[in-house]
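This briefing covers a predicted model.

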Amino acid sequence: MKAVVLGGGLAGATAALRLAEGGASVSLVRRGPGATALSWGSLDVAGASPDPTGLPWRDPVGGEPLTPAQRLSFLLHSRPFHPMVALFPERDAASAVRRVAEAARALDGWLSPQGVRVEGTLDETRLLANVRGAVRAADLAFDDVAAGDLGHASAVLLVDVPGLAGWNAAAAARALGAELQALGVPAPTVHVASLALPEVLRADVARPARLAARLDDDAAQDDLVRAAAPLAEEGRTVLFPPVLGLYRGTRLRALLGEALGGPVAEVQGAPPWSPSGARLDRALLAALRAAGVRLVTGEARGVVGEGSRISGVDVRAAEGDASPELSRLPADAVVLATGRFSGGGLAERGDRLVEPLVDLPLYDDRGRRVDGVPARRHLRRRYSDPQPLFSAGIRTDGRLRPLDAGGRAARANLVAAGEVIGGFDPALQRTGLGFALLSGLRAADEAARLGRGT
Amino acid sequence: MSGYRGFLREFLRTGSPRALALQVRVGAAHVGRRWFSRRAAPDPEQLFLDNYAADGVRLPSEKRRELQRAAQHCLVCGLCSVACAAAGGRPPLDPRDAVLSGARLEVDVRRLHIEEPGAACGACRACEPVCPVGIPIASVQEGLFSLGDADGT
Amino acid sequence: MTRAGPFQVLIVGGGINGAGVARDLALRGVRVALVEKGELGAGTTWASSGMIHGGLRYLQMDPKVTYHSCVDSGAIQRIAPHLIFRIPFLMPVFPEDPIGPELVEVGLEMYDRYQPLKNGKPHTRLTREQALRLEPSLSPRIDCAFTLDEWGVDAARLVAANALDAVERGAQVHTHCEVLSFLREADGRVRGAEVQDRITGERVVLEADLTLNCTGPWAPQVAALAGAEVRMRPAKGIHLVFERRVSDVAIYARGIDGRDMFTFPHEQNSMAGTTDDDFYGDPDLLDVTEDEIRYVMQAMERSIPSIRRHRVLHTLAGVRPTLYGFGRYEDELSRDYALLDHGARDGVPGFYSLAGGKLASYRLMAEDACDQISAVLGVDDPCRTASTPLPGGDEAIDVMATAKRFRCDWPAVVRLAFRHGARTPRVLEACAQPVPVCACEPVLDAELHHVARRESVRKLTDCAARVRLGVGACQGAACAGVAGEVLADALGWSAERTTAEVAEFAAERWRAVAPVLGGAQLAAMEIHRAVHRGARAWSAPVPGATSRP
């Protein structure tokens, strides 16, 4: 079975990895990094959001904070148009928890050899702080930020690094205090302490990426651990700015944990500096290579085939690749995981909003058709208003096959995964990477079936 | 001739006698210069370039325009900075900064007569494959100041 | 309630007119207070084309206006050399244009006579081939093209520099202070105003011998508070702002109705505009409409067929405070100004309005108005604004040496020097080690510290106009949060205040972007939303609570 996956974010990558595991010959076409590479360390399945359209933090009736499993259950029962619903046909919490645990295990299995771990379950909310001190009520998370859970910490230390661009520990601590108060959780005491960087590292404080890269080096890590040792206090959670190594942070965090006597994590970043996303992207690429997936850097330009079956995908490889001209990848099944605007899955062509590859119809979260007119028609004037444009995407059937304008599967062997599927606003509803992971796995299973003609 | 009629109509509606007087004087000189003067006029294109060279204006090169056209899609995501750092690069101008402000920097450099702006990087091209919108970042960086005054085309 | 004063003059409105007058009077030793309800220059001034032009189009009507404009443009070059940049213009002539090349050239030859006054270069006449070589994006349909030049200016910074100088010469400037009412004596004389600080809610009474209304398009509203009338024919103008420059030269374009517009380089970007339409609405509630955008793009496309391939970042919208005139098209209305004495006109002594005018000749207009005001006040000091440098305008600095001294990237120092001139080192001293905050412009944290502590910046949204924070490719996705923390440190904001300021900044940028959002900017705004909505804090204010209705 030949499968072609379009898009190399978390959704496309997990689909490709699952298909490869099942014995398919998989090609993955990716233009470059997309939204996944700009993510910030949490892999929310059912994260809580302060936005009225998001999932609630507390039980609207009882007032107790909800577990992620309860929130997922809430989503499945209260948001019939959310594409997540199709992924949980059973709709009961127990099987949802099991399904998510399986997915997390699968992803962890692929990523851990590449140095990235997936942590967490749907039984507990993880309260993670970001560089601005804003708190995210997350569930699954990657290991660089996961240990920074504020829900169980009794004391938290934010490490100030004087001169580091984009990190103001005192301001973050203030914000963190306000956040925890607004969330109404038993707040840990928040401390700020300054870390005097070793001389060799000081040159790079204006450029966090360079500092992080410098800290991939064992000797530099050891220097930092020595410099941080005076901050040790037993049992205190220590949050560092996201510079603890670029790709080799596991060792550094472990050493710091030993030296400081408590859990050590980075705070979550925010674009343009969120190394978690860059780490995830890199690990996914490495996992794809390890699984024997053929990676094609370039842009899919169209699909070919007879009737409703796709037989191939035309790809224009990026410059620098051996063959810059159009090449055709044969396909028994195709997974569309091109994301939204930053991934290229949605675009404007000549003042018309379109899904550029198959020209599928697009719908917002209220089921209104939005393609074919300028994107700005679907905007509201106030930033805080719901913006239909940013909930737009394709619609699928229960087997994740994209629907045409008539509501039928657009192609017999095409399935979709990730945010190219519309019906929710990822910025407001914190189901982002979780949906990518779960839909990626499901799309792979469906693609395998459809590719075999069953 | 229709152009002149249009102008006359417009002028009669809004013009002042003082403007008319100036117009006639300059117009006569213009006719004299255009049709009766034997003096060779300087090459206007060169004159233009000489006039505005100090302001950073010069003959645009197709290559530079193309780079700028590609660079305008920058999302300010910072992935190029990460890739650059991971590859051990330490260019004087961060790749993202080069992409973002490159267009104006060129003008600034010429306007302020900055010598040796030093944008050159190691040209390892680690930044290019990670750009979500496919900007040829290393080429932008390379081309930033290297297409110096010698290469005006 | 606190009282301040008495001042000799209270100026209402902190646009270029108010700030220009405040500086002029302060230089004459007059005790001045200025109140502005928002940020300095954030209204009409910030939405203008930012040009100190010599008034080519006035040649046809009255060469005297052109003469004065050019002389004044020369004066601004002397007092603020750091704030201005030359913009060469290309004026293509199309076969169907109503005015043929010979007449255009005669016009430009007339203008050449005035160009030396403002250090401009004489025009050149290019053949079609030459013009296309100099600007390959020009339409190949042109017959020939002409060139001339004008000066661009960072208009918001020009206002700030005028206000700053006024303050350094003893004036008081209060931003985010709105006039609630005017103090009236029994005979109707205005003796100052009661103002409210829109941030703290505090009310202050400012007493003054003479009150001057410089509120531009808001002048009728403000005058009405004093029981006076200002008649205006306000006209709305919009600009589209492109990501980076379409070209290093400005290019004339003609609208479907024959109006002249242009695409011109401004700082990092190019701008295109402007429209000129009668405006009857509330100047506080300006929205850019789709037909305005299409009108501008249609005009630009005729001169630059590839213009639609350029990424549009955001829009600027403003209202021109044009003087009242009946029965003429918007475009033909004079950009003249008038100092209205409401004592004589409406029986409101002590209250004056300065109405009309244009950015390019703000100094001249302020001089004229202040001469009249000085006569009323009995002050005989002459105007000194044409020869006294604005803050930072006294000498040029060595950018590379300064960058090295403060260990910062030189491109950031170039921009800093553009805004602060000779005071750049003083700005950089605000931080032990300045670090970049915004990459698009670029902006250093030291500049934010400086404008918060030493200038009148009181809100994060002030920084868009003042230091061009967040007006580039990412529209504040990358920098607003960091900048909010810098201002919080400088101004002692609480966490809640900081979060609210960042949210308000993001919402303001959205208002400017949404009308033109499309193409490449969609992905950028997707990231913007991920940052500003996706990481929205629990302690942030309720959506919509801080933004305008």
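**Chain A as a whole**

Among contacts in chain A between residues at least 6 apart in sequence, 68% link residues at least 24 apart. The model is predicted, and the points below are grouped by topic.

*Fold and dimensions of chain A*

- Chain A contains 11 helices and 18 strands.
- Of its 454 residues, 59% count as buried.
- The radius of gyration of chain A is 22 Å, which agrees with the value near 22 Å for a compact globule because that value follows from a chain of 454 residues.
- Along the principal axes, the C-alpha atoms of chain A fill a box of roughly 70 × 55 × 40 Å.

*Contact between chains A and B*

- Chain A gives 21 residues to the contact and chain B gives 16 residues.
- On the side of chain A that touches chain B, the elements giving two or more residues are α7 (208-214) and α10 (275-290) of chain A.
- The largest share of that side, 4 residues, comes from α7(A).
- The residues of that side of chain A divide into 14 nonpolar, 4 polar and 3 charged.

*Helix α10 of chain C*

- Helix α10(C) spans residues 362-377, 16 residues in total, and reaches 22 Å from its first C-alpha to its last, close to the 22 Å expected at 1.5 Å a residue.
- Buried residues of α10(C) include Tyr362(C), Leu364(C), Met365(C), Cys370(C) and Ile373(C).
- Arg363(C) and Glu367(C) are also buried.
- Elements of chain C against which the buried residues of α10(C) pack include β1 (2-12), α1 (16-27), α3 (63-79) and β10 (203-213).
- After α10(C) comes Gly378(C), with a positive phi near 80°.

Conventions:
Residues numbered from 1 in each chain as written. Chains lettered and ligands numbered in written order. Predicted model: local features only at pLDDT ≥ 70, side-chain atom pairs only at ≥ 80, totals over all residues. Expected span 1.5 Å × (residues − 1). Buried ≥ 20, exposed ≤ 12 C-beta atoms within 10 Å, placed from the backbone. Contact = placed C-beta atoms within 7 Å. Nonpolar A, V, L, I, M, F, W, Y, C, P; charged D, E, K, R; others polar. Rg over C-alpha atoms; globule rule 2.2 N^0.38 Å.
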